[in-house]
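Thanks for coming, everyone. Please have the sequence and the structure open while I talk, and stop me if you lose the place.

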Amino acid sequence: MAPIFIVNRVNELRVQISYHDHRYYVLDDPEMTDAEYDRLFIELQILETKYPELQSTCSPIERVGGKALGTFLSIRHKVPMLSIHTIAGNNPIDFDKQIRRLLSLGDNSTPVEYVCELKFDGLAISLRYEDSILVYAATRGDGEIGEDVTNNIMTIKSIPLRLYGNPPAILEVRGEVYMSRSNFELYNTLQRAAQLPTLVNPRNGAAGGVRQLDPNVASKRLLSFFAYGLGEVQGWRSPLPTTHKEILDTLELFGFPVSGEYTVERGGDGLIRFYLSIASKRALLPFDIDGVVYKVNRLDWQEKLGFRTRQPRWAAAQKFPAKEELTIVEAIEVQVSRTGAITPVARFRPVFVGGATIKNATLHNADDVARKDIRVGDTVRIRRAGDVIPEVVEVILEYRPYNSMPFMMPEVCPICGSKLLRLTGESVSRCIGSLYCLAQRKKKILHFASRRALNIEGLGEKLIEKLVECCLVCDPVDLFALNVPLLSNLDRMGTKSAIKLVKNIEYCKRTTLARFVYALGIQGVGEYTASSLAEYFGNLDNIIAADKMQLQQVQDIGPIVAISIWSFFRDIQNKDVINRLREAGVHWLPIPVSASLNNDYPLLDKSFLITGVLESLTRIEVSARLRELGAKLAHNVSKDTDYVVVGRNAGSNKVDKAQKLGLVILDEPGLMALLAVAAGSG
């Protein structure tokens, strides 16, 4: 069983990653570097792997990560674009052993064949062709829904607009858009000559070029493309491929560029041989890579191995070791997050490491700083783990200034002056200023308005910053006092936009109790916990009145999260904000707590478990529909589960267990029919 501090850290990471997903993928305005984000993601991935009982469908790990930008049309992938997991311990021998075990191959059988490819450092793209013609191109997005970037992709000359040969009637090709090193240098040279901004690295050049609103801007990036796989395919007009290598060969025949650096290797020794070969000539490649990818060659074995919720079992990535350089710590500052977490950040003398200029690195917490004894003025060795994550490896003590002083965490918030509090079992200090703290205020209001909270469309971060800075919004209640004249006076906010936003805010007054509790931004309370609180207590007043022991009766709420919830609702200012929100008209339908309400909630107390990918609705949308009808959501198959909903790539273990228990199994059409009948009777 996971220790309390691990549970708390997992909840904290989920909140942070979800928030930064929104910043990066939706707002296109990240507040942390890709390296810092990937550090959080990898840490959460490691913890959930080590403690399987903490895994949840609400975790960002279940997701590929990110949503389609509103300024682009959204496209739902017919076949999800899955990510590939990184080999734990960076040992391909273990991956080969796992594949052999899953395939029930004996030690003396023929070695497994793998296609070994490069792990390109660019942007994943799906290209859809119908009757040989490119009809659209989409980014990965969250794996299920991406952005329509067809106009920008058409500027990439290496991507065929019409296919050669005799391709299938419908063909979705997956690959990577990248920027070569020579084109990166050429672009920056021209930009400097014109006194215009330059690109940081080729990866940013590729990702930013594909997501430009103006295709003319994208065309100046001189981007390239490599194909490496398939999505949906219908109507093969030539012999069906039986191996992944045959797929790559066929893609070349159709006119797609395929990197010539891939090989077919046998067994774990072959994987090591390929890795060492690529590592030795990595610097000589004309484009950036950050590792290699191994894929089981036989397609029938790929099908047998199947998928995890997020990743294929038949593929894995191995990243290259971190690159290291020396630099000097010029300052150690602290940042205040939306949740009030105080994070030390080292500011470096800028140094170029692994293709990027590094100026700072997160030091995680006071314990991390103390353990490494990092001080201002120190010479430190830094690296980009996996070519991404900036971190301090060690302090070079012989270079330490004689008058250096140990770093001390502040006792008060650097933004609002409120006291900092560190709970038992937590490694992080937090500002208790809540809605008073300016740093938290903007982020809490952004969280309150976010899609999974009150879902106020059109209220993005830049507008919230402007509203807070102009003192028009000091807490979430002020959002409901905004009117057209006030908004129309803001820069770049016309009357039509103001009218639309006011209507959206008014519409969002009607929500659900679970969304409202989640919107409050209570530390440790994510979507799942908010839903559990709503279902268990039935109404907000019961939640507010609950003591710490009562809160711990709710599924997955331990003593630390219980203290967080209890403390939040004991704060006079928090309760004042909640009361004023209700007075402003924010309301929700009552939660069913009695079987006597069965007519209003036709699925009352029925337990549903969803496994696999659904086509017509996202898992969040289906969950919301079920809860509105009174149903409960299960996360494991048991005798108390009433229905198991099976989508594409469903977990075979869950389906097998449901069959053994004699549970009702629904496919997607069956679920939609049940929802329609239930909604009609409710």
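Predicted model: local features only at pLDDT ≥ 70, side-chain atom pairs only at ≥ 80, totals over all residues.

Residues are numbered from 1 along each chain as its sequence is written, and side-chain values use heavy atoms, with hydrogens and water left out.

How many aromatic pairs does a search of the whole structure find? The search gives 14, where rings of Phe, Tyr and Trp (its six-membered ring) pair if their centres lie within 6.5 Å, and planes under 30 degrees apart count as stacked, over 60 as edge-to-face and the rest as tilted. Y178 and F226 are a stacked pair, because their ring centres are 4.9 Å apart and their planes stand at 20°. Since Y178 belongs to strand β6 (residues 170-178) and F226 to strand β7 (residues 224-234), this pair ties together parts that are 48 residues apart in sequence; strands here are DSSP runs of E, at least two residues, and helices are runs of H or I, at least four, numbered from the N terminus. Both Y178 and F226 are buried, which is to say under 20% relative accessible area, with exposed being over 50% and partly exposed in between (1.4 Å probe, protein chains only). Ring pairs also link Y178 and F226 with F120 and F287 into a cluster.

Now to the helices. The axes of α12 (residues 438-449) and α13 (residues 461-469) come within 10 Å and cross at roughly 135°, the axes being lines fitted to C-alpha atoms, for helices over the stretch in contact, with angles from 0 to 180 degrees between N-to-C directions. The two helices are therefore oblique to each other, given that under 35 degrees counts as roughly parallel, over 145 as roughly antiparallel, 65 to 115 as roughly perpendicular and the rest as oblique. Residues making the contact (heavy atoms within 4.5 Å) include L438 and I445 of α12 and I464 and V468 of α13.

Last, the loop residue. E53 is found between α2 (34-50) and β1 (74-76), and at 46% relative accessibility E53 counts as partly exposed. Leaving aside neighbours within four places in sequence, E53 is in contact with M1 and A2, whereas the C-alpha atoms of E53 and M179, 126 residues apart along the chain, are separated by 41 Å.
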